[in-house]
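Please examine the sequence and the structure shown here before reading on.

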Amino acid sequence: MSNDDLSAGSVGTVIRPGDSEWESARRFHSGIGSPAAVIRAATVDDVRGALRYATAERLDIMIRGGGHSAWGGVPGGLTLDISALDDIEVEGTRVRVGGGAQWGSVAHALAERGLGISSGDTASVGVGGLTLGGGIGWMVRAWGLASDQLVGAQLVTARGDVVEATDSSHPELLWALRGGGGNFGVVTRFDFEAHPLDGVVHAVYGIEGDARPIIRVLRDLMADAPRGLTVTYMDVPAMDPSAPAGASITAVWIGTDEEAARRALAPLAGAPGVTEREFGVQEYPDVLLEAPEFDPEQPMPGFVGGNTLLPVLDDEAIERLVSFREQHPASVAFLRSLGGAYGDVAQDDSAFPARDGTWFAMAGAFDVPGMLDDATRAQVIAEWDAIEAKGSGVYGNFTVSTDAAFAERMYPPATMARLAAVKREWDPGNVFCRNHNVKPGPNGHAG
């Protein structure tokens, strides 16, 4: 591929194998990719030119936003890097964010104005991928998903057209962008409606002994907790300083009223085996974690397990999650409270699945070479399948699967059919297929 081969006009910086920047351009947060070429786009016109070229040459396109993704290692095709599109504009409570921005930068820009948006837990996560996949953040019970706060988007289609999607201009396209992933084009700008936020109360509790009764206390507490409170339970092996080994519960309370937060969390704080580690007011950006650094030269360990959105966190689900972690030393178990504003959105009002979910659950064993033999791997899969069977949907942002059929597990049939109809209108050639792919269906039905 040479610059002379590219369509006329702006396309950004084209980087090919053998170029001086090739090794750095093809690296992503946890590995080294092998695309046919990388284009770094600095403007919307660059994106348009790159897409025109890719479609003319019948190249698959993998979009790299500003954060981390499992898709960087998918070989072949064209990697379109839009991380330079990271502008953040705030007018009142309306926030316009470039498709390559990271959530940490957005959180800081909003905190300066006393505002917030519910986003991910990690500062370096990309706005684009997180939002298009839904986005379960610390304010999910008060404000819903990141995608629920999306009121508009600028999208470049496979044909290179620039489209402004709103509820009035292209409502079905915006519906699909609220949880349907990167199937419909390159989103170069996200428009959000932010919320007043003067700070948060952040609390961390350690857990000693059997976690089962403590999780039951947490479940019962959250059944009628104020919407401003969101909690997670996590049990991990030693990985990095941001996630010390052992079980813990983290809580975020919207606002700076420490006494109100203590009252809400009192049943948990007083439970046997629970010890307070941290409690106090913080700026919301300071709550966001930093992603661990990986050596791209070393292959990432596999992850055998998955996630699910549970309508009910019953005693059986708790038992299965805790037992999973106990039986596999190199494993992780995770719970995040949902409900509230998350459940206020009708299932048909966005593409995100399982609005009946009250808890998000995740568990998996790390598949380091020599650690999981075939029998153990089969056991782990069976144990996870029993947990996932209790859920009503899967959260695509928390899976590293690049299986082309995985989207069928993520979306219920009616949602998939509707997404396929939108796909057929905006990307009939399935140019954007390096994702949890929705195939364009004839006459709006999944193909």
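The paragraphs below describe the salt bridges of this model.

The model is predicted. Side chains of opposite charge can pair when their charged atoms come close. In this structure, the count comes to 29 salt bridges.

| Salt bridge | Closest N and O atoms |
|---|---|
| Arg336 and Asp121 | 2.7 Å |
| Arg377 and Asp367 | 2.9 Å |
| Asp427 and Lys423 | 2.8 Å |

In the salt bridge between Arg336 and Asp121, the closest N and O atoms lie 2.7 Å apart. Arg336 belongs to strand β19 (residues 331-337), while Asp121 sits in the loop between β9 (115-116) and α4 (127-132), so the pair ties together parts that are 215 residues apart in sequence. Arg336 and Asp121 are both buried.

Arg377 forms a salt bridge with Asp367. This pair links helix α12 (residues 374-388), which holds Arg377, to strand β20 (residues 359-367), which holds Asp367; the two residues are 10 residues apart. Arg377 is partly exposed because its relative accessible area is 24%, between the limits of 20% and 50%. Asp367, by contrast, is buried because its relative accessible area of 18% falls under 20%.

Some residues belong to a network: salt bridges that share partners join Asp210, Arg212, Glu319 and Glu326 into one.

Key
Residues are numbered from 1 along each chain as its sequence is written. This is a predicted model: local features need pLDDT of at least 70, side-chain atom pairs count only at pLDDT 80 or more; totals for chains, interfaces and linings use all residues. Side-chain values use heavy atoms; hydrogens and water are left out. A salt bridge is a side-chain nitrogen of Lys or Arg within 4 Å of a carboxyl oxygen of Asp or Glu. Helices (H or I, at least four residues) and strands (E, at least two) are DSSP runs, numbered from the N terminus. Buried means under 20% relative accessible area, exposed over 50%, partly exposed in between (1.4 Å probe, protein chains only).
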